[in-house]
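Here is a short report on selected local features of one chain. Please keep the sequence and the 3D view open while reading.

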Amino acid sequence: VNDINNNPIGTDLGKANTAKSFFEKQLTEGVEAGLQPFTCDPKPLDNPITPVEVELAASKLKSNRASGPDNLQNELIKYAHPITFEKYAEAINESFSGNKYISSIGQGIVTPLQKPGQPKGPLTSLRPLTLLNGSRKMLTQIALKRVESRIDNYTMPWQSAYKRGRSCSD
């Protein structure tokens, strides 16, 4: 990692701080500092999240992946006792009905990765990778499952990247 004058940075802490400042600026430019949690009147979901939805979302978590800030491996969630899925559904439903913020859903670790084929050193040769907590990944899967049929109907045939079972290469 190089500094803004293209000089190599000698310490790991210096590299980390430089990359942090670079990505912080890049990812928050034009955004008000400290995005606030949703603050409307509390209201329960019309269709509460079920333990079955949570278990399905957990089953889609990929094994042998880096964990987020909670340091909880996906395998521990994926193969958890069914009561875990009930408690997760309960917690998410309560967060909507009571307007309670669940901090683990908003947490992530941004780590830099070298872009393939790019010169080593410049900060522009790095890309940010965000390691999220499993609880965030599950909520994302649940939301995606709930809207995927609408997305399929809304998107055009050539927009394969956004369709179930398709990818950008299609």
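Asparagine 99 is partly exposed, at 31% relative accessibility. Buried means under 20% relative accessible area, exposed over 50%, and partly exposed in between (1.4 Å probe, protein chains only). Asparagine 99 lies in the loop between α4 and β1 (108–114). Its phi is positive, about 55°, although asparagine 99 is not a glycine. Most residues other than glycine have a negative phi.

Asparagine 6 also has a positive phi, about 70°, and is not a glycine. Asparagine 6 sits in the segment before α1 (12–28). Helices (H or I, at least four residues) and strands (E, at least two) are DSSP runs, numbered from the N terminus. At 52% relative accessibility, asparagine 6 counts as exposed.

This is a predicted model: local features need pLDDT of at least 70, side-chain atom pairs count only at pLDDT 80 or more, and totals for chains, interfaces and linings use all residues. Residues are numbered from 1 along each chain as its sequence is written, and side-chain values use heavy atoms, with hydrogens and water left out.

The pLDDT is the predictor's confidence in each residue, from 0 to 100. The chain has a mean pLDDT of 88, and 93% of its residues reach 70 or more. Among the elements of the chain, α2 has the highest mean pLDDT (97) and α1 the lowest (88).

Which residues of helix α2 (residues 51–59) are buried? They are Val54, Ala57 and Ala58. Seen down the axis of α2, these residues fall within an arc of 100°, so they line one face of the helix. The arc is that of the directions from the helix axis to the C-beta atoms. An α-helix has 3.6 residues a turn, so residues three or four places apart point the same way. The cover over the buried residues of α2 includes α3 (74–78), α4 (82–97) and α5 (134–154).

Serine 125 is in the loop between β1 and β2 (126–132). Leaving out residues up to four places away in sequence, serine 125 touches Leu113, Gln114, Lys115, Gln118 and Pro119. Contact means heavy atoms within 4.5 Å.

Rings of Phe, Tyr and Trp (its six-membered ring) pair if their centres lie within 6.5 Å; planes under 30 degrees apart count as stacked, over 60 as edge-to-face and the rest as tilted. The count comes to one aromatic pair. Phenylalanine 22 and phenylalanine 23 form this edge-to-face pair, 5.3 Å centre to centre, with 65° between the planes.

| Residue | Relative accessible area | Class |
|---|---|---|
| Phenylalanine 22 | 22% | partly exposed |
| Phenylalanine 23 | 4% | buried |
| Serine 125 | 2% | buried |
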